[in-house]
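Subject: Structure handover

Dear colleague,

Please find the structure below, followed by notes on what was found in it.

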Amino acid sequence: ITTKAMNNKIQSIHLLRGIAGISVVLYHFKGYLNGVYAQKDLGQILFGSGAFGVDIFFMISGFIIALSTQNITSKAIFATRRFFRIYPAFIVVFVIGVITVYQFDPSENLLRGLFFIHRDYSLESPGFGYNVLGPAWTLTYEIYFYALFAVAMAFSHKYRTILTSIFLVTPVFILQVYFNGTISINGNAAANIPSDYYTYGLLRFISSPMLIEFVVGMLFYELYRNININVSRGIAKFVLMVSTGIFITNYLSGHFTGFGMDKAGVISAILLFGFLFYDKFVGFGESKLLGYLADISFSIYISHYLFINPANYYKPEFIITTNGLGRLSMMLTITLAAGTMLHFYVERPFISIGKTIEKNIFSYKKKKQIA
């Protein structure tokens, strides 16, 4: 595949980002459908496996970071992009959360949440007690991945994905073997570090098998970029159909509920493979709905949990008197509206600021080279 084609937005990744974002939202809203209709666990049946969105987000991150740095060697530009992509929207939601519902949380939890430190490393991985802002627990993994990727770029731009993979996977397996005596790829199988151990929390975190999912994403990038074979439209459609069918079957069966490459990670990888395979050899058309959900995916992901807590805490009458699909629709509407505003008035402007800083860094480096 040509470099030009790889520079364009990869539609399959974009569409999956939208699917992943709304899946996590619906997973957290599933309780609104439980115990309301004749089918008492309706929400669990439809959205109980929706947390797979986290696994696929990690794989998408691995793919996108490798893709977005193929023509960028500057660590400063890389760091600037990542900071302005994540932190401004997070800070806005965090501040609103502290003002409205998290003001009663211990100040230690708020500080930990602000700096992406999980609440309690003695609790089960991969959440480790989560972040005070709920789904923001995943951002700790993202930032750790970005940091290791930047280190790998400093060693070798060409081999950045291989080096990052080594940096990610080595501690996971070595710490598991040393402290557990076994190796597991399940998301909750972080090493059982003794609680009085030096850097206990850090060692627990870097031994979480969830980190393997970034490696899967980078592997898919390398395959997508380097493998050039002739595949007919019919075969590409067949692969997409089968992979999507396998994913939907296992999603609805609930057999792969849970984080990690032996749970939601494996069906996420199958779905991602099918989408990328079809995209490489045929190509997806644009979907306005999924494209819109993809654009606001980070905003709805980071903000939606905020609406569950006030609804439960303040119990306004219009929410209490609306049940089932009505409540689900109402909470989705609030989430999508807030996510849209957050995307257009916070996320996008700060991404633009990041790009301006990026241009200045590039200009400065160019002048320095000429001088």
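In which handedness of crossing does α2 pass α4? The crossing of α2 with α4 is left-handed; a crossing has that name if the near helix is turned anticlockwise from the far one by less than a right angle, and is right-handed if clockwise.

Before the rest, the basis. This is a predicted model, in which local features need pLDDT of at least 70 and side-chain atom pairs count only at pLDDT 80 or more, while totals for chains, interfaces and linings use all residues. Residues are numbered from 1 along each chain as its sequence is written, and side-chain values use heavy atoms, with hydrogens and water left out.

Helix pairs

Helices (H or I, at least four residues) are DSSP runs, numbered from the N terminus. Two packed helices are described by the angle between their axes and the distance between the axes. Axes here are lines fitted to C-alpha atoms, for helices over the stretch in contact, and angles run from 0 to 180 degrees between N-to-C directions.

The axes of α2 and α4 are 8 Å apart, at an angle of about 150°. The two helices are therefore roughly antiparallel to each other (angles over 145 degrees count as such). On the α2 side the contact (heavy atoms within 4.5 Å) includes I13, L16, A20 and V24, and on the α4 side F52, I56, I60 and F63 are among the residues involved. By class, this contact has 12 nonpolar, 3 polar and 1 charged residues. Ala, Val, Leu, Ile, Met, Phe, Trp, Tyr, Cys and Pro count as nonpolar, Asp, Glu, Lys and Arg as charged, and the others, Gly among them, as polar.

Helix α2 (residues 11–29) also packs with helix α12 (residues 264–281): their axes come within 8 Å and cross at roughly 145°. That crossing is right-handed. Q11, S12, I13, L16 and I19 of α2 meet L271, L272, F275, L276 and D279 of α12. These residues divide into 7 nonpolar, 2 polar and 1 charged.

For α8 (residues 160–180) and α10 (residues 212–226), the axes come within 9 Å and cross at roughly 155°. That makes α8 roughly antiparallel to α10. Their crossing is left-handed. The contact of α8 with α10 has 8 nonpolar, 3 polar and 2 charged residues.

Leaving aside residues up to four places away in sequence, L133 touches F90, V93, F94, Y102, I302, Y305 and L306.

Backbone details

Most residues other than glycine have a negative phi, and most peptide bonds are trans. A cis peptide bond joins S125 and P126, with omega about 5°. P126 is in the loop between α6 (107–114) and α7 (137–155), and F128 is found in the loop between α6 and α7. F128 has a positive phi, near 50°, and counts as buried (under 20% relative accessible area, 1.4 Å probe, protein chains only; over 50% is exposed, and partly exposed lies in between) at 0% relative accessibility.

T199, in the loop between α8 and α9 (200–206), has a phi near 50°. T199 is partly exposed, at a relative accessible area of 34%.

Regards

Notes. Parallel < 35°, antiparallel > 145°, perpendicular 65-115°, else oblique.
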